[in-house]
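Dear colleague,

I am passing on the structure below, together with some notes on what was found in it. Please read the notes with the sequence and the coordinates at hand.

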Amino acid sequence: MSQILKSLKVPPNSASLEEARTRTFEFFRMCCRSIPHVMEIYNLHDVVSPSQLRSAAAAEVRKNANVTNPKVIDMLLFKGMEELMNIVNQSKQRHHIVGQYVVGNQGLVQDVSGKDRDASNFLKKFYSSNYS
Amino acid sequence: MGLGLLASRALRSSRIIRNSTRTIVSTPELKNADAAAAAAAADAPSDLPKRNPVGGARVHIPNPDDVIEVFVDGYPVKIPKGMTVLQACEIAGVDIPRFCYHSRLSIAGNCRMCLVEVEKSPKPVASCAMPALPGMKIKTDTPIAKKAREGVMEFLLMNHPLDCPICDQGGECDLQDQSMAFGSDRGRFTEMKRSVVDKNLGPLVKTVMTRCIQCTRCVRFASEVAGVEDLGMLGRGSGEEIGTYVEKLMTSELSGNVIDICPVGALTSKPFAFKARNWELKGTESIDVTDAVGSNIRIDSRGPEVMRVVPRLNEDINEEWISDKTRFFYDGLKRQRLNDPMIRGADGRFQAVSWRDALAIVAEVMHQIKPEEIVGVAGKLSDAESMMALKDLLNKMGSNNIFCEGNGMRPNADLRSGYIMNTSISGLEKADAFLLVGTQPRVEAAMVNARIRKTVKATNAKVGYVGPAADFNYDHEHLGTDPQTLVEIAKGSHPFSSALKNAKNPVIIVGAGVFDRDDKDAVFAAVDTIAKNNNVVRPDWNGLNVLLLNAAQAAALDLGLVPESDKCIDSAKFVYLMGADDVNLDKLPDDAFVVYQGHHGDRGVYRANVILPASAFTEKEGIYENTEGCAQITLPAVPTVGDARDDWKIVRALSEVAGVGLPYDSLGAIRSRIKTVAPNLLEVDERQPATFSTSLRPEVSQKVSATPFTPAVENFYMTDAITRASKIMAQCSALLKK
């Protein structure tokens, strides 16, 4: 255990925004490269396509597009790397991946029909639950 | 340790105290009461903290001359003459421990827990039975009083089992609380405890008679309030026990209240036995909807389940009692519930669908039908908001055929005084003669019946009854069974008319069962004549009442739920039943499309084509108006079942799907809509009397028929969808219905 800890290195902080940007791209490419493996180990072929997962990862990165502080970007990269490692090492289970990256924020029940697109807020709330 | 030694110890210790702290009462100058009062007033430190009466009670002093002043722990308090020492202490803000005393029952004075010390009295006195006298100096916190309480506690616990961990009263037990507060930390009793055989009082009240401390509250309640002489005291001394004299069930519609008044766990609720502890329960203050009285209740729930229903104090409506139906119907809320929107398929079976599909189908069908063939029926348990929304929806669709079941097909909603209880429920206590027309208050409104019984007992008011043979728990005269009797009374040829004439505050109560009669206008005209001839309606007294049956009726009439045609059901092609299960659909054409919106799979569902699940009154906020015209609000205690929605939301959503959107999206908005129709419904918890009397009614040419009155409620325990689904109510109907 101590051996592993010794070999584990935290990279030095990015000196400039430019460096942080490069690192971000590197991280995103790493994500993209691991996607086929992830599809394999979590058996995701019948629920999602690699391109969808790629755009999910891109969306996660774009969530923080407005961050300009290199220190914060480093921290976010660290967290992203941690998440990626958790996925690749299969520390997660299939439903985590499906819930977070396949179904996403829209929830399990998705209305794709677009029938009540012009319905009022009241009706949309009414269809989803008795409680607002 | 022997008793003699105990007694001598007690004497010795008290003597020591007397020498040190108490003034000696045989001092000659204190024998003069006035001087004593003056001395006490001088003694009383002027900076005593202001004390408030127990429970914020207010004292009503009818005659200012009858005021006396007593001193409670040195604090002067003014009370009307005739009050007991205990009541004086309560007004002074001192709560005296008690077991047998109950403010609504007669005084027994047998538990001795309320002993206090009174100056110049040689022994502690039982404060519940001792009248307060002018200048009395009451001491509630002296060593003597404390010692007396401790002794009484020890005697009470001598034969009381220490089974609090398995007792349902545990946590809300007077004996438990008071033994913690006033009892000794150990007893001196080592022999066997007494045991008593449990009595079977029926499906509602569970008895563990060994726990009984013989306070006799239940006996007094049964004979004084409930009016059944079922319970009594048997045996003497240590063999004393409460029981029915012979093997017999307690057949009263108020029997559940003995559970509340029992200070120990001797009488507990049978359906609630071993279900929950009171500290796990969440209380929600709500309103009962099983009859038109609107009793104030507290719904105790645990998570999504209603565990029990207990009364709330409301002097104007239910005092502190509720009927057995109110208390025990709650298990019906868990059975037969509708939880998904459903559509009846071609094979006659229901199939669960989404709300979107269900509403789309209803909206589509509704548009294919001529407006005059659309009929809406509000059910017994509907709240004002949903009835308002349904009426607005139907009116927008072009139909005006909407009514509330129980109001008949030709309701007269023009004069509010023509359908509410104008005297008010508490006002009945001032009456000295009653004429009951086609109503059996004991089964139609048990709390109103309790009020009438209270009046009859207090003032010996005469009760005349016109209607089918019925069960009363007070003296009454059965005058006849058909409306012809009313005509005789109106003419003055009937012997009872003289009783009405001589009465100072006569009361006439017409049952809502009359609404369904063909000659209802003639019956009401006859009643109006009786009222006019006997001075029933005066500026200072309005004794002309209608006793409604259902929680929704008064609000429905206030909101103007009156059908355009009384034959609308016969020609209807689209019927919207909003919780209506008792409406007669025999004449409905076979090809009519029926939508049932409600919470229980009851009679309405058998005929329905589409089911829209709604929430029950324990799950929603809604305004209900009771029979005396007092609007009250229910509050949600538990979440809704399955995919159900609140009633008004369903109607509002349907209106949008049908393309006739109603202009309100929230409870607040729909209430401001109600305000424009019936502003009295928003005056919550305050009775709004009717403005005009029924004397403005037009003349009626109709003649009364000779058809006898029929009972409006056949089975007290099962009157609506929830109570019909309840297992406990089914047991009660099987065992207790005569």
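**A hairpin and the sheet around it in chain B**

Val72(B) has Tyr75(B), in strand 2 of chain B, as its bridge partner. The model is predicted, and for that reason local features are reported where pLDDT is at least 70 and side-chain atom pairs only at pLDDT 80 or more, while totals for chains, interfaces and linings use all residues. Residues are numbered from 1 along each chain as its sequence is written, and chains are lettered from A and ligands numbered from 1 in the order in which they are written.

Strand 1 (residues 67-72) and strand 2 (residues 75-80) of chain B run antiparallel and are joined by 6 bridges; helices (H or I, at least four residues) and strands (E, at least two) are DSSP runs numbered from the N terminus, and two strands pair if DSSP finds at least two bridges between them. The two strands form a hairpin with 2 residues between them, and Asp73(B) in the turn has a positive phi of about 50°. Val72(B) also has a bridge partner in strand 5 of chain B, namely Ile138(B), and strand 1 of chain B runs parallel to strand 5 (residues 137-139) of chain B, with 2 bridges joining them.

These strands belong to an open sheet of 5 strands in chain B, in the order 2-1-5-3-4 and with mixed pairing. Strand 2 and strand 4 (125-126) of chain B are at the edges with a single partner strand each, so one side of each has no neighbour in the sheet. Helix 4 (residues 143-158) of chain B lies across strand 3 (115-118) and strand 5 of chain B, at about 155° to strand 3 of chain B; angles run from 0 to 180 degrees between N-to-C directions, with axes fitted to C-alpha atoms, for helices over the stretch in contact, and two residues are in contact if their C-beta atoms, placed from the backbone, lie within 7 Å.

**A parallel sheet in chain B**

Another open sheet of chain B has 5 strands in the order 19-18-17-20-23, with parallel pairing. Strand 19 (477-480) and strand 23 (544-547) of chain B stand at its edges, and because each has a single partner strand, one side of each is left without a neighbour in the sheet. From one strand to the next, the twist averages 25°. Strand 17 (residues 433-437) and strand 20 (residues 506-511) of chain B run parallel and are joined by 5 bridges, with Leu435(B) having Ile508(B) as its bridge partner. Helix 13 (residues 484-491) of chain B packs on this sheet, touching strand 17, strand 18 (462-466) and strand 19 of chain B, and its direction makes about 100° with that of strand 19 of chain B.

Chain A averages a pLDDT (the predictor's confidence in each residue, from 0 to 100) of 86, and 83% of the residues score at least 70. Among its elements, helix 1 (residues 2-7) of chain A has the lowest mean pLDDT (64) and helix 2 of chain A the highest (94). The axes of helix 2 (residues 17-41) and helix 4 (residues 70-88) of chain A come within 10 Å and cross at roughly 10°.

The contact between the chains takes 8 residues from chain A and 12 residues from chain B.

With best regards
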